Amino acid sequence: MTAALREPAASPLLVAAPPQPVGAAVVEKRAIRGEVVWYDEAKGFGFVAPVDGGAAVFVRHTALGTPGYRLLTAGQRITYTTCETRHGLEAAQVELVPPPDGTVPGGDIREP
C-alpha cells in the first residue's frame, strides 16, 4: 500500500509595498506611466516624468519596487505613484516596465 503524496498547503505570500518617505502623504494612487529623465547611480536619485507630459518629479532608489534593482537609466519606462514630502513631490512605488522587444530591464539579455 502506498501513501498518497500531498502537495503542501499553499501559504499566502506577503509582499510589502515599497516604502514611502517618512511623513509622506500619497498624492496620486493610480499608477502613472513614466520615463526616467536622468538618474545618478552613485547618489541613488534622479527624476522621472509622465510619458503623456507633465512635470518631472524626484525619485530615490528606495522607491524602486522591483527586487534586485536599485538603479535606473535615462529613457527607461516605469510606472509610479506620487507622494508629497516636506521636500516636495516625489515618485513612490516605482516599477520597471519591460520593453516590448523582450530585453531585460537594466540589461541587454534577449530571449531566443
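This is a predicted model: local features need pLDDT of at least 70, side-chain atom pairs count only at pLDDT 80 or more; totals for chains, interfaces and linings use all residues.
**Start with the whole chain.** A search of the entire structure finds 2 salt bridges. Side chains of opposite charge can pair when their charged atoms come close. Visit each pair in turn.

**Select Glu35 and Arg77.** Their side chains meet in a salt bridge, 3.1 Å from N to O. Now show the strands. Glu35 sits in strand β1 (residues 25-40) and Arg77 in strand β4 (residues 77-85), so this pair ties together parts that are 42 residues apart in sequence. Glu35 is partly exposed, at 29% relative accessibility. Arg77 is partly exposed too, with a relative accessible area of 43%.

**Move to Glu90.** Find strand β5, residues 88-96; Glu90 lies within it. Is Glu90 buried or exposed? Glu90 is buried, because its relative accessible area is 3% and the cut-off for buried is under 20%.

What does the side chain of Glu90 contact? The side chain of Glu90 makes a polar contact with the side chain of Arg60, at 3.2 Å. The two residues also form a salt bridge, their closest N and O atoms being 3.2 Å apart. Glu90 is in strand β5 and Arg60 in strand β3 (residues 57-60), so the pair ties together parts that are 30 residues apart in sequence.

**Check the surface again.** Arg60 counts as partly exposed, at 32% relative accessibility.

Methods
Residues are numbered from 1 along each chain as its sequence is written. Side-chain values use heavy atoms; hydrogens and water are left out. Helices (H or I, at least four residues) and strands (E, at least two) are DSSP runs, numbered from the N terminus. Buried means under 20% relative accessible area, exposed over 50%, partly exposed in between (1.4 Å probe, protein chains only). A polar contact is a pair of N or O atoms within 3.5 Å; within protein, one must be able to donate a hydrogen and the other to accept it, and residues adjacent in sequence count only if both atoms are side-chain atoms. A salt bridge is a side-chain nitrogen of Lys or Arg within 4 Å of a carboxyl oxygen of Asp or Glu.
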